[in-house]
Amino acid sequence: MEAQEKTILEKHGEIAKAGFEALQHKVIEQKACCYCGSCIAICPKQCISLGEDTPQLSGDCNKCGICYLACPRTFLPVTPIQQWLFNTKDIPPLGNHIRAECAGSTSEEILAEAPDGGVVTTLFTYLLESGAMDAVITTGKQHPDGYCYHPKPRIVTDPKSLLECMDKKYDPNPLLTVLGEAADFEKVAFAGLACHVQALRKLQYAAHAYRELFPALAGAADKLTRTIKLVVGIGDIGRFGRGKIDTLLQEYGASGEAEVARHVEERITADFVFTLHSGKEIRIPQYAVIKYPQPFCFLCNDFNGYASDLTVDRSEFQQFNTVMLRNTKAAEIFDACLAENRLQTRELPDEGRDFLEGMVSMLEGFTDYDLYGYEHYLKNGEFKIDDSMQQMFGNQENRRLRGLPENMLMELLKKYPQYGFCINKRRELGYENPEQF
Ligand SMILES: Cc1cc2nc3c(=O)[nH]c(=O)nc-3n(C[C@H](O)[C@H](O)[C@H](O)COP(=O)(O)OP(=O)(O)OC[C@H]3O[C@@H](n4cnc5c(N)ncnc54)[C@H](O)[C@@H]3O)c2cc1C
Ligand code: SF4
Ligand code: SF4
Ligand code: SF4
């Protein structure tokens with residue numbers, strides 16, 4: 001461990017001595033909690049429970065500080081984790097990877113439910129059917145019949161049940177709360193958004209790297225995560241505020257999710273199209289969708305789970321995903337699915353990189369432009385989207401970037417105008433920021 005990392009850790013070790021109070025003051029009250037569920041899973045006294053928007057203390061805290069030290073929003077050893085996983089400190093565009101593919105499922109059953117190419121479900125089906133894994137950690141729905149955007153963390157052992165866990169659930173998802181239960185299995189695969197991957201990898205890293213400095217954390221983290229053998233990241237530029245899908249539906253004439261039979265996010269326009277049980281179609285343009293962002297996503301600069309074994313993003317083709325294979329283990333699983341004809345691939349568009357490289361310097365300077373009205377949110381509790389942002393998203397027809405460059409553009413948007421602006425503004429207004437090193 002480098003001296004700088006040790007100094008940072010010792011500082012946080014001191015703060016952690018306040019127990020849950022430290023988490024409350026330094027993360028929850030600072031509007032930084034991403035609702036990952038890690039603190040709930042790891043508390044040895046099981047005295048943290050899920051509150052409406054954040055975890056809450058629901059028993060006697062012994063001030064062991066494990067929850068604070070485990071939380072990905074107190075400090076996140078991004079570089080040490082990359083070094084551990086990929087033997088390099090660098091994170092290139094879209095993260096370290098050995099191959100990128102444009103792939104989709106060949107299963108009609110999976111494609112009928114998939115938001116995109118159904119790659120995650122196809123890989124998980126293969127892993128369970130082949131016996132390579134005993135269980136997978138994934139995300140089901142709270143209301144199983146029909147459309148539902150409320151996530152329910154699940155452990156699945158039967159491939160058929162994976163079909164119930166498809167589609168995007170947009171509300172905050174405390175996925176790591178099921179880690180304790182998953183530890184009873186021998187070989188487990190995990191799929192989550194970048195914040196879930198960060199939280200999980202921090203635990204796995206702490207389990208060996210912090211054995212001397214924080215032995216209680218290391219022991220608890222090892223117990224929770226040692227059976228997790230494959231980590232799948234799901235690409236995500238940002239989500240919606242809690243309950244805001246219903247708000248949007250109501251603005252466009254429906255009562256809420258119960259009226260919806262099917263939802264798709266269209267390629268190119270990125271419009272949200274909801275088909276109601278009555279057959280009526282509600283089309284919500286992307287510039288309307290982006291006005292209700294999730295505040296905790298502004299503190300997230302990871303587009304697709306840079307610390308995963310493989311990442312699955314959407315692609316510009318309906319029924320296909322962009323897949324970043326980050327190591328040989330992931331590539332072998334992917335290739336086994338190709339060999340068994342469970343997955344198919346097509347050309348991954350890569351044109352437009354020159355244009356993108358030209359945009360990089362422009363976007364780097366974009367950190368003082370408040371696209372979403374984040375400052376307004378910090379001061380008044382509500383976002384105020386800039387008109388130019390609406391125009392930009394309202395003009396998707398002219399978008400020319402495809403394939404990997406399109407994903408890189410989303411990554412850049414997330415890093416500079418979102419995260420970059422947010423971190424600077426918070427500092428200026430006296431908020432604490434999660435420490436990344
Ligand atoms: C909430 C959300 C936002 C996304 N935003 C983007 C984006 O901005 N840009 C982009 O390129 N791609 C985004 N994606 C990823 C992408 O669109 C596909 O969902 C992903 O590529 C997997 O597609 P699939 O066809 O393989 O689906 P599937 O095989 O159905 O797999 C989808 C997986 O996502 C899981 N999942 C669903 N909701 C959640 C949730 N709330 N938390 C954790 N896991 C969940 C499911 O359990 C399932 O394992 C997002 C995904 C989600 C879930
Ligand atoms: S993990 Fe420790 S400090 Fe945190 S709430 Fe539980 S008992 Fe308290
Ligand atoms: S970010 Fe995760 S670990 Fe931290 S307080 Fe929120 S739910 Fe708990
Ligand atoms: S943008 Fe980041 S914090 Fe928000 S849901 Fe996605 S991965 Fe989590």
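Colleague: How far from an oxygen atom of ligand 1 does a backbone N or O atom of Arg314 lie?

Modeller: The model is a predicted one, and the distance is computed from it. A polar contact requires a pair of N or O atoms within 3.5 Å. The pair formed by a backbone N or O atom of Arg314 and an oxygen atom of ligand 1 lies at 3.3 Å.

Colleague: How much of the accessible area that ligand 1 has on its own does the protein cover?

Modeller: On its own, ligand 1 has 880 Å² of accessible area. Of this area, the protein covers 98%.

Colleague: Which elements give two or more residues to the shell around ligand 1?

Modeller: The shell around ligand 1 holds 30 residues, and Asp116, Gly118, Thr121, Lys169 and Gly235 are the closest. By class, 12 are nonpolar, 10 polar and 8 charged. The elements that supply two or more residues are α7 (119–130), β5 (135–141), β12 (310–314) and α17 (403–428).

Colleague: How many charged residues does the shell around ligand 4 have?

Modeller: The residues around ligand 4 include Arg73, Asp236, Arg239 and Lys414. The shell also has 6 nonpolar residues and 1 polar residue. Its charged residues number 4.

Terms used: Residues are numbered from 1 along each chain as its sequence is written. Chains are lettered from A and ligands numbered from 1 in the order in which they are written. This is a predicted model: local features need pLDDT of at least 70, side-chain atom pairs count only at pLDDT 80 or more; totals for chains, interfaces and linings use all residues. Side-chain values use heavy atoms; hydrogens and water are left out. A residue is near a molecule or strand if one of its heavy atoms lies within 4 Å of it. A polar contact is a pair of N or O atoms within 3.5 Å; within protein, one must be able to donate a hydrogen and the other to accept it, and residues adjacent in sequence count only if both atoms are side-chain atoms. Accessible areas come from the Shrake-Rupley method with a 1.4 Å probe; for residues, only the protein chains shown count as cover. Helices (H or I, at least four residues) and strands (E, at least two) are DSSP runs, numbered from the N terminus. Ala, Val, Leu, Ile, Met, Phe, Trp, Tyr, Cys and Pro count as nonpolar, Asp, Glu, Lys and Arg as charged, and the others, Gly among them, as polar.
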